[in-house]
Amino acid sequence: MRKKTKLIHGGVTGDEQTGAVNVPIYQVSTYEQESVGNHKGYEYSRTGNPTRHALEELIKDLEGGKRGFAFGSGMAAITSVFMLFSAGDHVIMTDDVYGGTYRVVSKVLNKFNIEFTFVDTSSIDEVKKAIKPNTKAIYIESPTNPLLKITDLKKVSELAKEQGLYMIVDNTFSTPYWQTPIDSGADIVLHSATKYLGGHSDVVAGLVVVNSEQLGEDLHFIQNSVGGILGPQDSYLLIRGIKTLGVRMEEIEENTRRVVDFLQEHPVVTNIYYPGLKSHRGHDTHTSQATGFGGMLSFDVGSSEKADQLLSRIQYFTLAESLGAVESLISVPAKMTHASIPRDRREELGITDGLVRISVGLEDAEDLIEDLDQALK
Ligand SMILES: Cc1ncc(COP(=O)(O)O)c(C=O)c1O
C-alpha cells in the first residue's frame with residue numbers, strides 16, 4: 001500500500017457491525033464482561049478504547065512500527081516515553097529541541113534523577129563524545145524547532161545499536177508522510193499530533209510508535225498506569241485529519257517553496273533556515289532520509305523591534321504558538337515557544353530575538369507572499 005492509500009486504508013477502517021465508513025466514536029469508559037475477566041477485548045477505556053485503538057493502529061502502520069499509542073498531548077507522549085527510564089539513567093538529546101521538551105526534562109524529570117545532556121546531534125562526533133556508561137538513549141528532533149537542523153538518522157542509529165542505546169525520534173515536523181525514522185533504525189518515534197497529523201488546530205494530542213513487542217508492552221504498561229490517554233472524540237478527529245495528510249503536505253510544501261523563493265530575494269531577511277534550500281547545511285542528509293521538506297521555516301529580520309513590526313502588520317499569518325495547521329502561523333520563538341529556554345542558552349543556539357518562525361498553511365501562496373511583502377516593508 002502506498003502512502004496516500006495507507007492514510008485512508010491503514011489501521012482499523014470503518015465499522016464492521018453497521019458498515020459505517022468511519023470508525024465510530026466509542027464514548028464509553030467501561031465494558032460489560034460476560035463473566036469475570038471474560039470480555040470482548042476491552043475492559044476500561046484507560047487500558048483500551050476502540051476509537052483510540054483504531055488511531056493507534058493507523059499511526060503504527062504509517063510509521064511502519066510494531067505498536068502505536070495515543071496520548072492526551074505531545075508532552076504526555078514524550079513524558080510517558082521517558083518513563084521507560086529509571087533514576088540514574090542518562091539520555092543524550094538534540095540541543096535545540098522544542099522548548100516544552102527541554103522544560104520537562106530539565107525541570108521535571110531531572111527531579112527523578114534522570115540525567116540529560118544536550119548536544120548538536122547533527123554532529124556524530126558530538127553524540128559519540130556525550131555517551132557515558134549510564135547512557136540509555138539518544139533523543140532526536142530532525143528537522144529541529146526552530147532552526148531546522150538535520151541529524152543523520154542512519155548514522156546515529158548505527159551508533160545507538162553498537163552501544164546498545166535506544167534511538168528516539170520526534171517526527172512532528174516531517175510526519176510519516178515525508179519521513180519514517182523506523183526505516184532509518186529508530187526504536188521509538190513520537191509526535192505532537194496537535195500539528196500536521198491533526199492539521200486543523202482543533203485537537204491537542206500525542207502519538208508514539210515503537211519498533212519492538214517488548215517496548216510495546218512496556219509503553220502500554222506506562223500508558224495504562226500513568227493514564228495520559230487520548231479521549232475517543234479527539235482520537236476520531238485525528239483519524240479524520242490524517243486522511244488528508246498527503247494532500248495537505250504536498251500543497252503546503254509547494255506554498256513553502258514559493259514563500260522561501262520570495263524571502264531569499266528580500267533585503268531585510270538575513271538568514272533563512274529551510275532544509276529545502278541547497279545552501280542549508282543539512283540539505284543532503286535530509287534528502288537522503290526524507291521525501292519532502294515540510295512547511296516550517298525560520299528567518300532572521302535582525303532585531304526584536306523589526307520582528308515586532310512585522311508581527312503587527314502581518315494579516316494572513318496568525319500570531320500563535322503551534323504549527324502544521326491549514327492556516328499559516330507566525331511566531332517569534334525567543335518570546336514564545338522557546339521562552340522557557342534561558343536567554344544565554346538561546347543565544348548560544350542561534351535563536352535570536354529577531355528570529356521569526358512561520359508554519360506555511362494552505363492559503364493561496366500569492367496572498368501569503370503579498371502579505372509578507374507589505375509587512376516587511
Ligand atoms: C516538535 C514538537 N514536539 C513536541 C511538542 C509538544 O506537543 P504538544 O503541544 O502536543 O504537547 C511540540 C509542540 O509544539 C513540538 O513542536
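This report describes the domain interface, the ligand surroundings and the salt bridges of a predicted model.

**Domain arrangement**

The domain assignment divides the chain into domain 1 (3-243) and domain 2 (247-376). Taken over C-alpha atoms, the centres of domain 1 and domain 2 lie 26 Å apart. Domain 1 contributes 41 residues to the contact, and domain 2 contributes 40 residues.

Between them, domain 1 and domain 2 bury about 3,200 Å², and carbon and sulfur atoms account for 58% of this area. Of the area that domain 1 buries against domain 2, 26% is supplied by Leu-147, Trp-178 and Tyr-196, more than by any other three residues.

**Contacts across the interface**

The count of salt bridges between domain 1 and domain 2 is one. A salt bridge joins the side chains of Asp-120 and Arg-281, with an N to O distance of 3.9 Å. With both residues at pLDDT 80 or more, 14 residue pairs are in polar contact across the interface of domain 1 and domain 2.

On the side of domain 1 that touches domain 2, the elements giving two or more residues are α4 (99-108), α6 (153-163), α7 (175-178) and α9 (232-243). Helix α4 provides the largest share of that side, four residues. By residue class, the side of domain 1 that touches domain 2 consists of 16 nonpolar, 15 polar and 10 charged residues.

**Ligand surroundings**

The ligand is surrounded by 14 residues, of which Gly-74, Asp-170, Ser-192, Thr-194 and Lys-195 are the closest.

| Residue | Protein atom | Distance to a ligand oxygen atom |
|---|---|---|
| Gly-74 | backbone N or O | 2.9 Å |
| Asn-145 | polar side-chain atom | 3.4 Å |
| Ser-192 | polar side-chain atom | 2.8 Å |

**Salt bridges**

The count of salt bridges comes to 18. Asp-261 and Arg-257 are separated by about one helical turn, because they are four residues apart in helix α10 (residues 245-264).

Definitions and conventions
Residues are numbered from 1 along each chain as its sequence is written. This is a predicted model: local features need pLDDT of at least 70, side-chain atom pairs count only at pLDDT 80 or more; totals for chains, interfaces and linings use all residues. Side-chain values use heavy atoms; hydrogens and water are left out. Domain bounds come from an automatic or database domain assignment. Contact means heavy atoms within 4.5 Å. Buried area is the accessible area (1.4 Å probe) that two parts lose on being put together, summed over both. A salt bridge is a side-chain nitrogen of Lys or Arg within 4 Å of a carboxyl oxygen of Asp or Glu. A polar contact is a pair of N or O atoms within 3.5 Å; within protein, one must be able to donate a hydrogen and the other to accept it, and residues adjacent in sequence count only if both atoms are side-chain atoms. Ala, Val, Leu, Ile, Met, Phe, Trp, Tyr, Cys and Pro count as nonpolar, Asp, Glu, Lys and Arg as charged, and the others, Gly among them, as polar. A residue is near a molecule or strand if one of its heavy atoms lies within 4 Å of it.
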